[in-house]
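Please read it with the structure open beside you.

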Amino acid sequence: MRLFAFCSLGRMAVVAACFAPLTAFSDTPAVGHFKLKNSLDRPVNGYCIDVVGSGRYIRFDMPLTAHNCKGPQLYQDEAVILEGGKIKFPAYGACATVAGINGRALPGAALVPRQCGERSPFLEAESLQRFTFHPDGRVELSGSGLCMTVSDQSDSTFEPTHRWRPLYMARCSEVDPTRSQWEFVEYIPRSGVDG
């Protein structure tokens, strides 16, 4: 079973790509972090959408999270491109996908990294990967009335100074703006810092 387009690459290329900060995409002007506008309990770096894991231990079988934004360089597990209503992770050929059935989702649904446009048993991803980016920062699964939000609680990761929060869909009319307004922050390499 092929989960992502990158799986057809040579093993060494994938492993090497997963260990390094994202520099190959630094010439693409639309790559950056997708960040929660309110920094909550991370006043210095805030929270960004993140694929669980690091290095060669990236976990595509687990839901996406809101993880404290890493830096100063841009790492592949947080690097996104907003394109055609999709939130894409270019290093993996994956898109943020709302967990749903028959193209529909319910409140509380997680977001998972799946191949962009994936069609597989029980998953017709196209409608579950299309978002409407509202002017106030809310991100709605297009036409669903459900908006991306983070939990009101955070916890440490394996790195004690890092934090994460569950990322899920909630009714747009009921979301707390401090946990559901997002912004795209373009990555601009800094000379001498990002290599």
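**Notes on the predicted model**

1. The largest pocket first. It holds about 700 Å³ of space. This is a predicted model, so please read every value below as computed from it. The lining of the largest pocket counts 30 residues. Asp-50, Val-52, Gly-53, Ser-54 and His-67 are the ones nearest its centre.

2. What is the lining of the largest pocket made of, by class? It has 16 nonpolar residues, nine polar ones and five charged ones. Three elements, α1 (11–19), β3 (65–68) and β14, each contribute at least two residues. β14 gives the most, with three residues.

3. Now the overall make-up. The protein has 15 strands and one helix. Of its 195 residues, 43% count as buried. The exposed surface comes to about 10,100 Å², and 56% of it is supplied by carbon and sulfur atoms. Take the contacts between residues at least 6 apart in sequence: 59% of them join residues at least 24 apart.

4. Strand β2 covers residues 47–50. Tyr-47 and Ile-49 point one way, Cys-48 and Asp-50 the other way, and all are buried. β2 runs antiparallel to β3, and four bridges join the two. Asp-50 has Thr-65 of β3 as its bridge partner. Asp-50 is also among the residues nearest the centre of the largest pocket, and β3 supplies at least two residues of that pocket's lining.

5. Strand β12 deserves a look. Are its residues buried or exposed? Five of the five, residues 146–150, are buried. Leu-146, Met-148 and Val-150 sit on one side, with Cys-147 and Thr-149 on the other. Both faces are covered.

6. Which strands pair with β12? One is β11 (residues 139–141), which pairs with β12 in the antiparallel sense over two bridges. Leu-141 stands opposite Leu-146 there. β11 and β12 make a hairpin, with four residues between them. In the turn, Gly-143 has a positive phi of about 75°. The other is β14 (residues 163–171), again antiparallel, joined to β12 by five bridges. On that side Met-148 faces Met-169 of β14. β14 is also the strand that gives the most to the lining of the largest pocket.

7. Why does Ser-151 count as buried? Its relative accessible area is 12%, and the cut-off for buried is under 20%. Leaving out residues up to four places away in sequence, Ser-151 touches Arg-165, Pro-166, Tyr-168 and Arg-179. Ser-151 and Pro-166 are 15 residues apart along the chain, yet their C-alpha atoms are separated by 5.4 Å.

8. Check the backbone next. Most residues other than glycine have a negative phi, and most peptide bonds are trans. Gly-71 and Pro-72 are joined by a cis peptide bond, with omega about 15°. Pro-72 lies in the loop between β3 and β4 (80–83).

9. Asn-102 is not a glycine, but its phi is positive, about 55°. The residue is in the loop between β6 (94–98) and β7 (111–115). Asn-102 counts as exposed because its relative accessibility is 61%, where the cut-off is over 50%.

10. Phe-122 also has a positive phi, of about 70°, and is not a glycine. The loop between β8 (119–120) and β9 (123–124) holds it. Is this side of the story buried or exposed for Phe-122? Phe-122 is exposed, with a relative accessible area of 76%.

11. Last, Gly-93, in the loop between β5 (86–89) and β6. Gly-93 has a relative accessible area of 29%, so this residue is partly exposed. C-alpha to C-alpha, Gly-93 and Arg-114 are 8.3 Å apart in space. In sequence, 21 residues separate their positions.

Methods: Residues are numbered from 1 along each chain as its sequence is written. This is a predicted model: local features need pLDDT of at least 70, side-chain atom pairs count only at pLDDT 80 or more; totals for chains, interfaces and linings use all residues. Side-chain values use heavy atoms; hydrogens and water are left out. Buried means under 20% relative accessible area, exposed over 50%, partly exposed in between (1.4 Å probe, protein chains only). Contact means heavy atoms within 4.5 Å. Accessible areas come from the Shrake-Rupley method with a 1.4 Å probe; for residues, only the protein chains shown count as cover. Two strands pair if DSSP finds at least two bridges between them. On a 1 Å grid over the protein atoms alone, a cavity is a set of points where a 1.4 Å probe fits but cannot get out, and a pocket is an open set with protein on both sides within 12 Å along at least five of seven lines; lining residues have an atom within 4 Å of a point. Grid points are joined across faces, edges and corners, and a volume is the space filled by probe spheres set on the points. Ala, Val, Leu, Ile, Met, Phe, Trp, Tyr, Cys and Pro count as nonpolar, Asp, Glu, Lys and Arg as charged, and the others, Gly among them, as polar.
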